[in-house]
Amino acid sequence: MAREKNPDEELNAHEQQYSKESATSSQDLDDNDEKRNKSRKQSVANIKLQNPLADMTYDELMDDVSQFADQYDMQYALDDLQKGALIAQKRSGFEKMDRLTDEDKTRIREEKLHRWRQPRMMYYMTILCAGSAIVQGMDQSAVNGAQAFYFPYFGIAEEQVWLRGLINGAPYLCSAVIGCWSTKPLNVSDLRGLGSPNEATRSPHV
């Protein structure tokens with residue numbers, strides 16, 4: 001004979017089942033909230049990595065640029081630096097920036113619409129630097145290839161490894177010891193831009 005179920009036992013069973021389901025649902029909600037929080041934090045981190053200026057206020061941004069200009073003695077370019085920081089912070093909102101002049105906005109538009117419309121001097125410098133690199137590479141290749149002939153001719157034995165290395169690395173050694181270090185003083189001397197119409201307005205810090 002089957003025993004009749006006690007109503008209290010049935011109620012307790014239902015309550016226990018409900019408690020388990022509620023606990024499971026609560027755990028699922030907590031897991032979903034945790035996932036959303038992680039996703040949100042990751043998104044914020046990605047935004048900061050992509051643009052570290054994104055969450056700065058206007059005053060914070062201007063103060064940061066001013067400190068940068070003071071630290072590196074670039075107060076002469078403070079206005080341009082601040083404009084650049086504003087554009088870097090909101091790349092697509094430059095049209096609404098009151099700080100930018102109409103000429104500034106026109107130049108920014110041209111960078112997007114006419115990316116190849118650059119000053120002639122920029123193309124001249126690009127071609128000049130590329131040509132110099134080609135010539136230097138040709139010279140280095142010729143030197144490396146000719147060593148099979150001039151080492152025996154000048155009596156530089158195979159045991160004189162350091163001398164051979166010095167001869168092969170001479171162009172780079174001269175560049176590191178003389179060329180690179182002389183760039184700055186020559187760049188700010190009267191030899192740079194001699195006869196250029198912009199010579200009088202050139203900043204001594206450039």
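**Close-up views of ring pairs and salt bridges**

**View 1. Burial of Y150 and F151.** With a relative accessibility of 17%, Y150 counts as buried. F151 is also buried, at 3% relative accessible area. Buried means under 20% relative accessible area, exposed over 50%, and partly exposed in between (1.4 Å probe, protein chains only). The model is predicted: local features need pLDDT of at least 70, side-chain atom pairs count only at pLDDT 80 or more, and totals for chains, interfaces and linings use all residues. Residues are numbered from 1 along each chain as its sequence is written, and side-chain values use heavy atoms, leaving out hydrogens and water.

**View 2. Aromatic pairs.** Rings of Phe, Tyr and Trp (its six-membered ring) pair if their centres lie within 6.5 Å; planes under 30 degrees apart count as stacked, over 60 as edge-to-face, and the rest as tilted. The whole structure holds three aromatic pairs. F68 and Y72 are tilted, because their ring centres are 4.9 Å apart and their planes stand at 50°. F68 is partly exposed at 38%, as is Y72 at 49%. Y150 and F151 pair edge-to-face, with 4.9 Å between centres and 80° between planes.

**View 3. Salt bridges at D79.** A salt bridge is a side-chain nitrogen of Lys or Arg within 4 Å of a carboxyl oxygen of Asp or Glu; a search of the whole structure finds six. D79 bridges to K83, with the closest N and O atoms 3.5 Å apart. K83 is buried, at 12% relative accessibility. D79 also meets R99 at 2.9 Å, N to O.
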